[in-house]
Amino acid sequence: MSDPVLSIEKLTVALPAWSDRKHALTEVSLSVGKKEIVCVVGESGSGKSIMGKAILGLLPKPHVRVTGGRIIFEDRDILSLSDDEMRALRGGRIAMIFQEPMTALNPLMKVGRQIDEVLEVHTDLAPRARRDRVLQLVNDVHLPDPQRIINSYPHQLSGGQRQRIVIAMALALEPALIIADEPTTALDVTTQAQILHLMKELQRSHGTSVLFITHDFGVVAEIADRVVVMRHGEVVETGPVDDVLRNPAAEYTRDLVAAVPSLRPRLRDAAPSTAPLLVIRDLEKTYVGAGGLFGGATRTVRAVRKVSLELERQSSLALVGESGSGKSTLARCIVGLETPDGGDILLDGEQLRGLTREQMRPFRRDIQMVFQDPFASLNPRQRVGEIIALGPMIQGVSRKQAYEEAKELLRMVGLSRESIDRYPHEFSGGQRQRIGIARALAVKPKLIVADEPVSALDVSVQKQVLDLLNDLRLKFGLSMLFITHDLRVAATVCEEIAIMQHGEIVERGPTAKIFADPKHAYTRSLLDAVPGKEWINTPA
Amino acid sequence: MKSFWQRFLGNPRVMVGLGWVALVVLVSLFADILAPRDPFAIVGTPFLKPGSEFLLGTDSLGRDIFSGLLHGARTTLLIAIVSTLVAVAFGTLVGAVAGYYGGLIDDVLMRTTEFFQTIPSFLFAIVLIAILSPSVANMVTAIAVVSWPPITRVVRAEVLSVKSREFVQAAVVAGQRDSAILLTQVLPNTLSPLIVTGSLLIATAILIESALSFLGLGAPNQMSWGFMIGAGRSFLRDAWWLVTIPGVAILLTVLSINLVGEGLNDALNPRLTDL
């Protein structure tokens with residue numbers, strides 16, 4: 001392209017002395033042309049967010065600062081601007097969309113007023129003209145009933161609606177460039193698809209350039225014109241989206257692309273055995289909000305409504321749903337972290353519902369859980385050995401033997417046997433999740449319930465952990481109930497899928513069948529919303 | 001990132017505080033050797049100025065102030081530390097149980113805690129001593145009874161936030177008992193704010209102890225800083241050193257403990273400082 005809106009030349013950003021590397025960005029060069037969407041994609045720690053902040057002059061000074069290079073925006077070097085000029089630029093010619101719309105909006109101000117404020121600060125429009133402009137903007141982002149939305153507070157809107165408001169604010173001054181930092185990561189997959197669609201549409205109609213920061217290659221495939229792949233603060237590869245996604249030149253990009261879970265459904269490896277391992281019948285769980293000492297209105301949420309499920313021996317079932325669908329509540333009921341209100345949970349024919357924690361203890365060796373957040377699921381003050389050996393020791397294994405087995409488990413999950421004497425903070429996110437898996441396996445369970453075990457991990461690490469779970473499942477002959485919001489992950493791991501919505505299972509069956517012929521409308525919308533599905537489905 | 005000890009000991013205010021606290025601890029440990037005579041013994045002429053025959057002078061009855069200062073440090077520190085330990089132990093127990101079990105237990109325990117918090121603590125301590133009669137054990141009891149509620153609040157808040165973390169759920173899934181989960185999983189993760197609050201509590205306990213002794217409600221036959229101030233207060237115009245010397249000792253000790261406590265806080269919660 002001839003005349004880029006933004007061009008970054010050999011930008012270097014230094015990190016403070018105590019960091020584990022010297023530069024957040026090392027001689028990064030890239031450009032964004034007119035009406036172009038450029039995706040910056042990279043894993044955590046690649047420096048992609050730091051770059052977005054550097055452009056806006058929002059680096060946490062004085063510790064993190066630009067030490068070299070230029071950022072040319074509309075023929076001016078941004079780095080040489082004064083604070084006042086920078087402030088006029090931000091929100092004016094350059095707008096920003098953040099990851100979490102709730103924190104980007106002021107919770108105490110009506111959203112209409114928040115959009116209005118942008119206009120008030122940056123333009124000379126009369127109040128009346130501003131009001132019309134706000135209405136038009138809210139209309140542009142396809143929010144229903146704009147008048148009502150304008151008079152709402154952020155907490156009265158859903159996550160997707162809030163993100164639309166943030167986009168409306170970003171567009172208010174017709175900026176030349178929008179920097180979007182993971183704008184859809186905090187949203188559900190169907191909402192994500194809508195927001196991506198909206199951003200693309202608005203970008204076309206307003207002729208804005210977009211610098212889109214993301215970690216998700218599916219999102220890249222949906223929205224990007226060009227792609228910049230970053231790693232450790234350096235640009236690994238740049239190019240048009242089709243080239244990078246289909247014929248990646250750099251080895252790192254090839255690995256990343258290969259790690260993206262495909263939508264290819266997993267087939268049943270073995271004939272199902274006759275008696276199911278886990279049977280759930282008409283399970284119900286209702287949360288009743290406490291009315292407090294002085295009464296008041298109580299709120300009830302029927303998180304799980306009459307759910308029935310069967311899980312065969314040595315099989316794996318994915319429970320897929322969006323936030324609030326009740327999938328995690330169901331999982332927590334099964335492992336005994338929640339007390340269901342009705343129905344049956346039968347493990348090998350034995351009733352688990354209604355057991356006290358004391359009575360539940362013998363069954364703990366059969367059911368174990370892998371948790372979502374590898375940073376919260378390991379006690380920071382215990383050594384890895386203690387963490388893994390806890391379960392077996394409760395089941396009566398001697399300390400010496402439990403530690404020996406823990407060492408062996410660590411080796412099996414790909415960590416050194418010496419890790420046993422170390423503390424969790426010495427490990428990376430992926431390694432911690434391996435420890436979490438080792439802990440679940442320590443009592444040699446028959447069933448593992450995994451609650452979003454890879455959603456907090458980078459895509460390359462995600463693939464390793466999924467592969468590991470798969471290997472171990474076959475090796476130990478385990479059954480697995482896999483909770484996820486991501487159909488791609490579900491397809492990779494599980495031969496059967498159950499789709500949950502509003503506390504009910506709306507569809508279940510073999511993965512291949514559901515993918516080929518979804519019956520329920522919700523299943524179809526979930527499948528449609530998978531980011532980058534066309535790219536994933538067409539072999540390179 | 002510097003380690004905890006580097007951040008703690010690298011702080012000049014902490015070093016000043018620790019220096020004075022260490023001095024006070026040492027002289028109170030070796031009071032019998034440094035000033036072998038009974039601090040209540042009359043050793044010379046009353047109202048001798050500091051620097052004369054006795055290093056810090058004598059009081060209205062001719063007692064050695066230096067000896068009183070050392071033995072007083074022992075009494076004051078002993079009562080302050082023991083009462084703080086009792087308050088921390090009791091407050092932690094109540095706070096941990098309230099935070100972990102929640103619901104009705106939490107309501108009952110916290111309303112009780114609030115009951116103790118609403119009574120002005122110094123008046124309450126006076127009433128307790130008046131009822132129980134002055135003695136070292138009763139001083140410890142009275143100070144502990146008025147100072148455990150803040151500990152309970154801190155521990156409860158921490159337990160509430162820690163107990164929802166996934167590693168606690170993992171312990172439940174592993175089949176660990178509640179008492180074991182509280183002791184091995186939850187409480188170790190509440191230590192840093194507890195240490196900070198506890199260390200600052202010692203300073204408060206010294207002040208209460210001194211105030212009680214000043215009023216003559218201190219342990220009988222135990223020299224203490226507050227008692228020295230109380231005994232010398234009527235001679236403030238004629239013999240300033242009777243009140244000033246123990247007063248400065250209290251001031252410096254409380255200040256030092258606060259410096260150390262805040263240094264602990266900065267070192268344990270490094271995000272609060274500028275790294």
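**Notebook: chains A and B**

I began at the interface, where 26 residues of chain A are in contact with 23 residues of chain B (contact means heavy atoms within 4.5 Å). Before going on, I noted that this is a predicted model, in which local features need pLDDT of at least 70, side-chain atom pairs count only at pLDDT 80 or more, and totals for chains, interfaces and linings use all residues. I also noted that residues are numbered from 1 along each chain as its sequence is written, that chains are lettered from A and ligands numbered from 1 in the order in which they are written, and that side-chain values use heavy atoms, with hydrogens and water left out.

**The interface**

I looked up the area buried between chain A and chain B: about 2100 Å², with 50% of it from carbon and sulfur atoms. Buried area here is the accessible area (1.4 Å probe) that two parts lose on being put together, summed over both. Of the area that chain A buries against chain B, Trp18(A), Arg357(A) and Arg381(A) supply 25%, more than any other three residues.

Then I turned to charges and found two salt bridges between the chains (a side-chain nitrogen of Lys or Arg within 4 Å of a carboxyl oxygen of Asp or Glu). In a salt bridge, Glu358(A) meets Arg177(B) through their side chains, at 3.0 Å from N to O.

**A nonpolar patch on chain B**

Next I found a nonpolar patch on the surface, formed by Val25(B), Leu26(B), Leu29(B), Phe30(B), Ile33(B) and Leu34(B), with about 570 Å² of accessible area together. Patch residues have over 30% relative accessible area and no salt bridge; like charges are joined within 9 Å, and nonpolar side chains (Val, Leu, Ile, Met, Phe, Trp, Tyr) within 5 Å. Accessible areas come from the Shrake-Rupley method with a 1.4 Å probe, and for residues only the protein chains shown count as cover.

Helix α2(B) gives the largest share of the patch, three residues. Helices (H or I, at least four residues) and strands (E, at least two) are DSSP runs, numbered from the N terminus. Leu34(B) lies in helix α3 of chain B, and it counts as partly exposed because its relative accessibility is 47% (buried is under 20%, exposed over 50%, partly exposed in between; 1.4 Å probe, protein chains only).

**Strands in chain A**

Last, I checked β16(A) (residues 367-370): Ile367(A) and Met369(A) point one way, Gln368(A) and Val370(A) the other, and all are buried. Four bridges join β16(A) in parallel to β17(A) (residues 447-451); two strands pair if DSSP finds at least two bridges between them. Opposite Val370(A) I found Ala450(A).
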